[in-house]
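Please open the structure in a viewer and follow the stops below in order. Each stop names a selection and then describes what is found there.

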Amino acid sequence: MTTETKNQKYIEICTQNLLTIGKAVQAYLNDHGDYPEWLSELHPKYLADTNVLLCQADEEDGKTVFSFNADPKFPISYGYQFHPEYREEKTEQRKVYGDAMPLVRCRHHTDQPLPCLNLSYAFKVYPSSYIWERTPKEMYGTPGKAITALESGLMRQQDNESFFYIYPMLARLYIEVKREKDIGNLINRLKSVTKPDDFRANFNLGVMLEMAKRYEEAIAVYEKLEEQNPNNRNILLRLAQFHERLGYSEPAAEYWKKAATLPYGCGC
């Protein structure tokens, strides 16, 4: 068996494991009206075979890197996203992403372009990057469905600063489906809810102005951000690039010079 064939077999087995876990969680949910605190609570009534909780691609046999993710009863390969440490955060995220977001995750398929397999709250399996929010098309199935879901989610949480990062994500999807004109409305919406001193939100606003090719406005946003954090290398590099793109060679050279004096990692 070749390595590629073996890895594909692991994915097939892992997918079946996740679907089996999903059926067990669904049965638990029907009986208790709530999700289990840990996956081990499914055994033995809802999940007789604990081998289902181990992925063959997991070289650590269920040992977790972070102690707060460790199931209290036995080793489990799969990351449960609704245990007590995560429950409040995931409940909030679900208000935006709905039942498509991950409930259980396997992060062990490192040979794949999308190394994670996810079991959603709707008990469907799909691949994603390690940070599942960055691959919305995989989560919802198509760019169009992702746009519809994220637009709806933002409407429900439009003043919640925790989800402002979705705005540029949605703008990228607009570009992908040839809806660039809709980015302007999205920019206006973000402007209407962004506080002047919210660095992250204003950074996202600058990114969206870049996407819309509104470089003069992007420069104005990044210049304000530079005033808040003059040693942010990412901001300085952006200012250098946009000044250069617009033919402003002198300020571009100054920003390149400032950025060069700062170490990598000094950024947003």
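Begin by selecting helix α5 (residues 166–176) and helix α7 (residues 199–211), whose axes come within 9 Å and cross at roughly 10 degrees. Here, axes are lines fitted to C-alpha atoms, for helices over the stretch in contact, and angles run from 0 to 180 degrees between N-to-C directions. Because angles under 35 degrees count as roughly parallel, α5 and α7 are roughly parallel to each other. Helices are DSSP runs of H or I with at least four residues, and strands are runs of E with at least two, numbered from the N terminus.

This is a predicted model, in which local features need pLDDT of at least 70, side-chain atom pairs count only at pLDDT 80 or more, and totals for chains, interfaces and linings use all residues. Residues are numbered from 1 along each chain as its sequence is written, and side-chain values use heavy atoms, with hydrogens and water left out.

Next, select lysine 213, in the loop between α7 and α8 (215–228). Lysine 213 has a positive phi of about 60 degrees although it is not a glycine. Most residues other than glycine have a negative phi, and most peptide bonds are trans. Lysine 213 is exposed, with a relative accessible area of 60% (buried means under 20%, exposed over 50%, partly exposed in between; 1.4 Å probe, protein chains only).

Then move to the loop between α1 and β1, where proline 44 is placed. A cis peptide bond joins histidine 43 and proline 44, with omega about 5 degrees.

Finally, select aspartate 61, which lies in the loop between α1 and β1. Aspartate 61 has a positive phi of about 55 degrees and is exposed, with a relative accessible area of 54%.

Methods. Angles under 35 degrees count as roughly parallel, over 145 as roughly antiparallel, 65 to 115 as roughly perpendicular and the rest as oblique.
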